Amino acid sequence: MGKKVTVVGAGFYGSTTAQRLAEYDIFDTVVITDIVEGKPAGLALDLNQSRAVEGFETKVVGVTTGPNGEGYEAIEGSDVVVITAGLPRKPGMSRMDLLETNAKIVRQVSENVAKYAPNAVVIVVSNPLDEMTALAQLATQFPKNRVLGQAGMLDSARFTNFVAEALNVPVKSVKTLTLGSHGDTMVPVPSKSTVNGKPLREAMPAEQIEELVVKTRNGGAEVVALLKTGSAYYAPSAAAARMAKAVAEDSGEIMPVCAWVDGEYGISGVYLGVEAEIGREGIRRIVETDLDADELASLNAAAEAVRAKQADVANM
């Protein structure tokens with residue numbers, strides 16, 4: 001049977017993710033769903049008409065879903081489901097400001113995913129990311145390895161871009177890593193970041209690294225403030241689509257993602273940004289990297305901060 005991926009939510013983030021997944025040409029079908037009548041079907045029609053130009057065969061299907069699960073039968077048999085549904089941030093809002101509103105949406109979506117695509121790997125991108133990933137796992141009751149969140153891929157991409165721009169070097173010559181939470185307790189890892197294979201700390205002074213760390217942490221807010229309506233979607237959709245591709249291809253690629261941590265780094269029982277090996281079953285294993293004392297302390301602090309908030313979502 002051919003591969004199938006579903007993107008829930010047809011906003012800028014969802015539609016761009018669907019476009020990227022279709023253009024990879026590794027799926028038979030990309031399903032895009034939304035509660036706005038006709039919108040997903042219109043996007044699907046438009047995307048299908050681009051196939052001849054871009055040279056891909058993946059069929060895009062758009063479906064309107066209802067409050068009681070109407071339309072969700074279209075996602076049946078999906079190998080991967082990317083949940084982008086929920087409200088984006090407005091200027092001045094933190095990711096946590098979206099908690100209650102998006103919790104209701106993510107819970108309802110997750111319950112329908114469990115019903116119609118019980119074998120799917122779920123990739124959550126709705127904010128606040130760490131909490132919504134925990135909620136999706138509770139609502140689907142899927143094994144924890146099959147529910148993961150997109151955060152570290154995006155944050156690392158932002159960090160990499162800022163380093164490359166600051167040093168005026170090609171993006172591909174820079175490798176960076178961010179762990180922790182998607183938000184205030186993000187943990188950029190300079191000790192594992194390199195420029196042309198040399199440690200980042202040799203390429204730029206500590207103060208400049210710290211400036212770029214702060215810039216990375218505020219990367220999403222900066223985009224929101226400039227756009228004024230809506231939030232980032234080009235870089236986030238690139239990150240989510242790459243994760244879905246790694247699952248579909250059972251690639252074993254190691255990526256920074258939001259995953260269930262159970263003993264790694266001495267941290268247990270929480271969804272947290274760590275590096276993980278990604279395959280058909282979602283998270284194959286968490287990859288522990290050597291952190292310096294400060295980075296490890298920051299990761300532990302991030303774990304405690306998100307643990308408290310993830311406990312709250314269980315009742316939402």
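1. Domain bounds here come from an automatic or database domain assignment. For the protein chain, that assignment gives domain 1 (4–149) and domain 2 (152–314). The centres of domain 1 and domain 2, taken over C-alpha atoms, are 22 Å apart.

2. This is a predicted model, in which local features need pLDDT of at least 70 and side-chain atom pairs count only at pLDDT 80 or more, while totals for chains, interfaces and linings use all residues. Residues are numbered from 1 along each chain as its sequence is written, and side-chain values use heavy atoms, with hydrogens and water left out.

3. How many residues of domain 1 are in contact with domain 2? With contact taken as heavy atoms within 4.5 Å, 38 residues of domain 1 touch 40 residues of domain 2. The size of an interface is often given as the accessible area lost when the parts come together. Buried area is that loss for two parts (1.4 Å probe), summed over both. Domain 1 and domain 2 bury about 3400 Å² between them, and 69% of it is on carbon and sulfur atoms.

4. A salt bridge is a side-chain nitrogen of Lys or Arg within 4 Å of a carboxyl oxygen of Asp or Glu. Across the interface of domain 1 and domain 2, the rule finds zero salt bridges. A polar contact is a pair of N or O atoms within 3.5 Å; within protein, one must be able to donate a hydrogen and the other to accept it, and residues adjacent in sequence count only if both atoms are side-chain atoms. Eleven residue pairs are in polar contact across this interface (both at pLDDT 80 or more).

5. Helices (H or I, at least four residues) and strands (E, at least two) are DSSP runs, numbered from the N terminus. The elements giving two or more residues to the side of domain 1 that touches domain 2 are α1 (12–24), β4 (80–83), α4 (99–116), β5 (121–124), α5 (129–140) and β6 (147–149). The largest share of that side, nine residues, comes from α5.

6. For residue classes, Ala, Val, Leu, Ile, Met, Phe, Trp, Tyr, Cys and Pro count as nonpolar, Asp, Glu, Lys and Arg as charged, and the others, Gly among them, as polar. The side of domain 1 that touches domain 2 has 22 nonpolar, seven polar and nine charged residues.

7. A search of the whole structure finds ten salt bridges. In one of them, the side chains of Arg 201 and Asp 292 meet at 3.2 Å, N to O. Arg 201 lies in helix α7 (residues 200–203) and Asp 292 in the loop between β14 (282–287) and α11 (293–313), so the pair ties together parts that are 91 residues apart in sequence.

8. Arg 201 also forms a salt bridge with Glu 295 (3.8 Å, N to O). This pair links helix α7 to helix α11, 94 residues apart. Is Glu 295 buried or exposed? Buried means under 20% relative accessible area, exposed over 50%, partly exposed in between (1.4 Å probe, protein chains only). Glu 295 is buried because its relative accessible area is 4%, whereas Arg 201, at 48%, counts as partly exposed. Asp 292, at 25%, is also partly exposed.
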